[in-house]
Amino acid sequence: MLKRIFYIAFYTGIGQLLSIFSLKYVGQHGTPEQLKSIAEADSLILFIINIIGMGLQSAAMRNLALTDDWKEEYHQTQSARMAAGILLTIAAGLFFLNPNYILFIAAPLLAWNGDYALYARGFPVRGAAVAFIRLLIPFSLLIIFADLNNSHLALIYVISLLATYAVTNVYISWFLGTPYFFMPRFANLRLYITSLPLGIVTLSLYFIGLGVILVVPYFYSSAVVATAFVGLKFYMIFKGVLRIIHQAFIKEMIDENVCLKIDQLSIILGITYVGSILIFPDSFITLFFGKKYIGEKEFFTLLGISALIYSLFLSMATKSMLSKKDTEYTRITFGAALVTILSVILLSFYNKALINIAVSLCLGETIWTIGLIKIIGTKKQVKKRAIFILQIIVVLLIPLITKYFFTDKLFPYLVSFILFIAIVSIFHFRRFKTLP
């Protein structure tokens, strides 16, 4: 188990850190308008990916993981995705309302992506490597061209990202031994209907995160949008890392003991995140976002709390899907997303503060987590996770004491949390060494 996690963490960690520091670099050398353009393009591409994936991708992963005759399932899924991608290009005609909508032309290229099959068929390390390449190239170019004071950063980001998708799509097909291209079959669009509940889940989870960027520009200033994007990108990277870990063990998560271990690993990461921002706020914000954002401590702190809430019972989401509790899971996820979006809008009438976005996400994540516990959790499962949380929180005394003696500085922050991770690893190494 640890070996698989190590390789996934290596590829995912390097790629995500690069994306974080590249946005930090752009924030320091560019303008809020440039960052806002990148934010809107990035969130729209992710929106297109989520529409194409909908519930079909989640259902396909479940079926690919549980069946031996997976290539036929994959073929039908890919042909349906390509058909959906072609239909989505129609939305590019709305570019006169918003120039960013021209990105819908790229929908077939994004539909061609089959990385979900790598995770479903037990090749999570390959999937993580593909994800790494898709981050490495576009974000490296952002750093290079931001340094050259280029005014077309968003365009450079989009073109390089789509080119990277094209190359990695070919690699995925080669590795899986499947056809390089799949003809769109509009008859297979019926698969979207059969997986509609999971599709609503996919879009709802998108809006409990980076998806709010599609709403925020209509109610908040460009400066708020730019700062929100930087924070939400980090937040979504954290959530993405947890999802990759879960996807790596999706076939084994029928077993509750595996679910518990995965949640415990997620909790360690969640406490590390929120502990960093609570104990060393200046150092954490400066390191990952830049000194210019230190004045927004409350926003970043609430994002950290939201991340911890998300991590507590995340396995129950996967367990709900594997147990085919699609209707209940859809209801609570849609409700949480609706609360998030409505909160962002309604709070804007009170004031136009950045913190409104973090408050809305915190509400959404809380409702989602409580809902998961209700539909598939038990008191025993909650108790086990609560006890583990207390065990990990105790170790936070190390960074707390360090902060008391050395104040909020970068070196003490890094050293104290390295010690925190080391001690947690020593005490819990055997727990994660093997799967039951």
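Here are legends for several close-up views of this predicted model.

**Ground rules for the views.** The model is predicted, so local features need pLDDT of at least 70 and side-chain atom pairs count only at pLDDT 80 or more, while totals for chains, interfaces and linings use all residues. Residues are numbered from 1 along each chain as its sequence is written, and side-chain values use heavy atoms, with hydrogens and water left out.

View 1. The score here is pLDDT, the predictor's confidence in each residue, from 0 to 100. Its mean over the chain is 83, and 92% of the residues reach 70 or more. Helices (H or I, at least four residues) and strands (E, at least two) are DSSP runs, numbered from the N terminus. Among the elements of the chain, the lowest mean pLDDT, 70, belongs to helix H1 (residues 2–29), and the highest, 92, to helix H13 (residues 297–312).

View 2. Rings of Phe, Tyr and Trp (its six-membered ring) pair if their centres lie within 6.5 Å; planes under 30 degrees apart count as stacked, over 60 as edge-to-face and the rest as tilted. By that rule there are 28 aromatic pairs. One of them is Tyr-171 with Phe-175, a stacked pair with 6.2 Å centre to centre and 25 degrees between the planes. The two sit 4 residues apart in helix H7 (residues 153–176), so about one helical turn separates them. Buried means under 20% relative accessible area, exposed over 50%, and partly exposed in between (1.4 Å probe, protein chains only). Tyr-171 is partly exposed at 28%, and Phe-175 is partly exposed too, at 23%.

**View 3. Phe-299 and Phe-300, an edge-to-face pair.** Here the ring centres are 5.1 Å apart and the planes make an angle of 70 degrees. Both Phe-299 and Phe-300 are buried. They also belong to one aromatic cluster, together with Phe-234, Phe-238, Tyr-273, Phe-284, Phe-288, Phe-289 and Tyr-293.

**View 4. Charges over rings.** A charge sits over a ring if NZ of Lys or CZ of Arg is within 6 Å of the ring centre and within 35 degrees of the ring normal. Arg-134 lies over the face of Tyr-165, 4.1 Å from the ring centre. Lys-239 has its charged end over the ring of Tyr-310, 4.4 Å from the centre.

View 5. H1 gives the largest share, 3 residues, and H1 and H10 each supply at least two.

**View 6. Thr-407 and its positive phi.** Most residues other than glycine have a negative phi. Thr-407, though, has a phi near 60 degrees. You'll find Thr-407 in the loop between helix H18 (397–406) and helix H19 (410–433), and at 42% relative accessibility it counts as partly exposed.
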